[in-house]
Amino acid sequence: MKKSFTDNRRCFVCGENNPDGLRLVLRMDKGQGRAAADVVFPERFQGWEGIVHGGLLATVLDEVMIYAAGSNGLRCVTGEITVRYVKPARTGEAYRLAGRVTGAKGKITLAESELLGADGEVFARATGKLFRVSA
């Protein structure tokens, strides 16, 4: 595995230098192990007509967990993610992502995340095991 990781701001999810990405603005609660973002998935990210592709949902759920760990000053990569799709998310609609650190085991940070509708309804949730890496 790569020993160090650098950020050139081209991440598919959050990179402002990636013209093809989502360019999400993730907010971290410094020292609280929490992160959040607002997202609207364009039609080009659909699977079935009008429905966000499940792989994209997993991607943003993963990213908000990484940022939650980052709010605690940790730099991580995902070692394992489990996604539970609760109901289909629609393209063109506004959602909120919420991630939080739930614990640690040795060099692994445990986290969870949710994709929520405007009324707080859960559309998808994930749990993850994140490996801490050096800058």
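Reply: Let us start from a single side chain in this predicted model: Arg-100 has a relative accessible area of 16% and is therefore buried, since the cut-off for that class is under 20%.

Me: Which residues are linked with Arg-100 in a network of salt bridges?

Reply: The general idea is that side chains of opposite charge can pair when their charged atoms come close. Here the network of salt bridges joins Arg-100 with Glu-112, Glu-114 and Arg-125. Between Glu-112 and Arg-100 the N to O distance is 2.9 Å, and this pair links distant parts of the chain, with Glu-112 in strand S5 and Arg-100 in strand S4, 12 residues apart. In the salt bridge of Glu-114 with Arg-100 the closest N and O atoms are 3.5 Å apart, and these partners, again in strand S5 and strand S4 respectively, are separated by 14 residues.

Me: Are Glu-112 and Glu-114 buried or partly exposed?

Reply: Glu-112 is partly exposed, at a relative accessible area of 29%, whereas Glu-114, at 17% relative accessibility, counts as buried.

Me: How many salt bridges does the structure hold, and where do Glu-121 and Lys-87 lie?

Reply: There are 8 salt bridges in the structure, and one of them joins the side chains of Glu-121 and Lys-87 at 3.0 Å, N to O. Because Glu-121 lies in the loop between strand S5 and strand S6, while Lys-87 lies in the loop between strand S3 and strand S4, the pair ties together parts that are 34 residues apart in sequence. Glu-121 is partly exposed, with a relative accessible area of 33%, and Lys-87 counts as partly exposed at 34%.

Key
Residues are numbered from 1 along each chain as its sequence is written. This is a predicted model: local features need pLDDT of at least 70, side-chain atom pairs count only at pLDDT 80 or more; totals for chains, interfaces and linings use all residues. Side-chain values use heavy atoms; hydrogens and water are left out. A salt bridge is a side-chain nitrogen of Lys or Arg within 4 Å of a carboxyl oxygen of Asp or Glu. Helices (H or I, at least four residues) and strands (E, at least two) are DSSP runs, numbered from the N terminus. Buried means under 20% relative accessible area, exposed over 50%, partly exposed in between (1.4 Å probe, protein chains only).
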